Amino acid sequence: MAKTSLDKSKIKILLLEGIHQSAVDNLLNAGYTNIETLSTSLSEDELVEKIRDVHFIGLRSRTQLTERVFAAAERLTAVGCFCIGTNQVDLNAALERGIPVFNAPYSNTRSVAELVLAEAIMLLRGIPEKSTRAHQGGWLKSAKNAHEARGKTLGIIGYGSIGAQLSVLAESLGFDVLYYDVITKLAMGNARQVGSLEELLARADVVSLHVPDVPSTRWMIGRDQLALMKQTAIFINASRGTVVDIEALAEVLESGKLLGAAIDVFPVEPKGTNEEFVSPLRGKDNVILTPHIGGSTLEAQENIGIEVSEKLITYSDNGTTITSVNFPEVALPAHPDKHRLLHIHENVPGVMSEINKVLGDEGINISAQYLQTNSGVGYVVIDVDKAYGPKALEALKRVNHTLRLRVLYSESNFEA
Ligand SMILES: NC(=O)c1ccc[n+]([C@@H]2O[C@H](COP(=O)([O-])OP(=O)(O)OC[C@H]3O[C@@H](n4cnc5c(N)ncnc54)[C@H](O)[C@@H]3O)[C@@H](O)[C@H]2O)c1
Ligand SMILES: O=C(O)[C@H](O)COP(=O)(O)O
């Protein structure tokens with residue numbers, strides 16, 4: 001078997017936030033034995049201490065990887081977000097240090113769509129209130145404000161993986177589906193794209209948000225947008241807590257507008273199960289509150305564990321960066337009996353010619369070279385069929401604008 005540079009038992013992996021055992025099993029099977037798992041996230045101060053000797057870190061939506069954390073991460077080689085969202089990671093800070101970030105873009109899509117659909121039906125029937133009353137010994141047997149889903153209009157904001165999946169499931173139940181997205185999206189089934197957010201809000205009986213946390217979605221739903229909704233509409237947010245002005249939503253519900261709401265994500269979320277959840281929506285019996293569990297099913301978590309750990313293993317073993325969310329994507333063939341150099345540099349003119357000159361001067365023959373760039377970074381992978389000495393590696397490290405050099409399939413250092 002081809003030998004990887006650093007002994008795998010020396011590659012330290014830190015997995016936070018109760019990442020599924022499937023990830024640990026996958027890493028162990030691939031020979032990575034130095035794995036620490038924690039069931040919680042860590043604060044910035046704790047991370048700054050802990051991350052110093054970590055090569056790979058896995059996290060979910062709660063752990064914030066800030067510029068300060070990256071500055072302390074002397075050995076960090078890649079980040080795995082074991083979830084869809086990557087807004088908790090400073091992607092630029094990672095890129096500037098030559099660190100690719102991976103996620104699981106599809107593994108919990110279905111779980112979120114199923115939850116939203118269930119909540120829409122529960123709220124259309126007024127179940128939260130009726131259930132609460134029954135628990136208290138009451139008996140709210142009434143058809144008042146209770147509706148079938150059939151024939152109602154579901155308005156989806158953000159028609160990506162989750163929005164489109166929800167669209168298919170909802171149509172099968174008899175919803176008419178409208179959606180709004182900033183880009184033109186292929187409609188699933190009979191769904192129709194509308195031209196503006198305002199139109200969608202005014203026409204939908206159920207509004208569900210499925211946008212990422214990006215500047216254009218920050219607080220995109222506030223008082224003015226809620227005012228456009230029907231008096232008896234239902235509002236669902238399982239995307240990100242920064243998308244909705246939660247105080248405005250609380251006021252609107254207080255005023256008697258909207259039949260109900262279901263909220264899974266909040267501007268401020270407790271860091272762990274022991275911290276109190278504080279929200280102006282607490283105590284409202286027409287609101288379903290869930291603790292950011294849209295993607296928390298065993299099926300999704302197991303799949304995410306496998307998917308993201310595989311991406312980390314592939315990057316560690318062979319340098320492939322396909323599906324990275326911040327990094328130039330390079331798909332690499334395996335290459336037994338060759339040495340592989342991974343050179344990550346600022347994307348400025350002249351770097352490639354300098355690298356090739358170093359290799360030429362050292363008499364190193366290139367058997368294959370793969371280059372991808374994005375606006376910030378160039379990533380070149382060079383397969384060489386001849387052993388080389390530390391002098392060549394030192395010269396490659398000294399190439400102007402070098403961010404990082406890794407060596408695979410050799411006796412040399414993992415991080416040169
Ligand atoms: N509650 C949970 O547990 C949970 C689980 C998974 C994902 N999420 C969240 O759901 C989000 C959506 O996931 P996805 O996989 O469908 O993402 P996606 O990237 O596939 O789709 C997002 C869609 O939103 C659209 N969009 C972006 N900006 C917009 C704007 N300003 N207005 C309208 N549309 C806009 C995009 O064009 C895209 O079609 C994730 O980013 C994540 O934050 C939450
Ligand atoms: O981005 C995601 O996939 C969701 O927000 C779920 O995050 P979690 O893994 O922290 O549950």
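In which loop is Thr 323 found? The legends below concern a predicted model, and the first of them takes up this residue.

**Figure 1. Thr 323 in its loop.** Thr 323 belongs to the loop that lies between H11 and strand E13 (339-346). Its phi is near 75°, which is a positive value in a residue other than glycine. Most residues other than glycine have a negative phi.

**Figure 2. The chain as a whole.** The chain has 416 residues, of which 41% count as buried. Its secondary structure comprises 13 helices and 16 strands. The C-alpha trace spans about 85 × 45 × 35 Å along its principal axes. Among contacts between residues at least 6 apart in sequence, 65% join residues at least 24 apart.

**Figure 3. Helix H1 against helix H11.** Two packed helices are described by the angle between their axes and the distance between the axes. For H1 (residues 21-29) and H11 (residues 298-318), the axes come within 7 Å and cross at roughly 35°. This crossing of H1 and H11 is right-handed. On the H1 side, the contact is made by Gln 21, Ser 22, Ala 23, Asn 26 and Leu 27. H11 contributes Glu 302, Gly 305, Ile 306, Val 308, Ser 309, Glu 310 and Ile 313. By class, the contact of H1 with H11 has 5 nonpolar, 5 polar and 2 charged residues.

Figure 4. The loop between E1 and H1 holds Glu 17. Phi of Glu 17 is near 60°, a positive value in a residue other than glycine. With 19 other C-beta atoms within 10 Å, Glu 17 is partly exposed.

**Figure 5. Lys 8 and its contacts.** Lys 8 lies in the segment before strand E1 (13-15). Its 18 C-beta neighbours inside 10 Å make Lys 8 count as partly exposed. Leaving aside neighbours within four places in sequence, the contacts of Lys 8 are with Gly 31, Tyr 32 and Thr 33. The C-alpha atoms of Lys 8 and Ala 30 are separated by 9.0 Å, although the two residues are 22 apart along the chain.

Figure 6. The buried residues of H7 are Ile 162, Gly 163, Ala 164, Gln 165, Leu 166, Ser 167 and Ala 170. Among the elements that cover them are helix H5 (109-124), strand E6 (153-157), strand E7 (176-180) and strand E9 (206-209). Just after H7, Gly 174 has a positive phi of about 105°.

**Figure 7. The shell around ligand 1.** There are 33 residues around ligand 1, and those that come nearest are Gly 158, Gly 160, Ile 162, Pro 212 and Gly 294. H5 and H7 are the elements that give two or more residues to this shell. H7 gives the most, with 3 residues. By class, the shell around ligand 1 has 14 nonpolar, 14 polar and 5 charged residues.

**Figure 8. The shell around ligand 2.** Ligand 2 is surrounded by residues that include Arg 60, Ser 61, Arg 62, Cys 83, Ile 84 and Gly 85. Asn 108, His 292, Gly 295 and Ser 296 also belong to this shell. By class, the shell around ligand 2 has 2 nonpolar, 6 polar and 2 charged residues.

Terms used: Residues numbered from 1 in each chain as written. Chains lettered and ligands numbered in written order. Predicted model: local features only at pLDDT ≥ 70, side-chain atom pairs only at ≥ 80, totals over all residues. Axes fitted to C-alpha atoms, helices over the stretch in contact; angles between N-to-C directions. Helix = DSSP H or I, 4+ residues; strand = E, 2+ residues; numbered from the N terminus. Left-handed = near helix turned anticlockwise from the far one by under 90°. Contact = placed C-beta atoms within 7 Å. Nonpolar A, V, L, I, M, F, W, Y, C, P; charged D, E, K, R; others polar. Buried ≥ 20, exposed ≤ 12 C-beta atoms within 10 Å, placed from the backbone. Near = placed C-beta within 6 Å.
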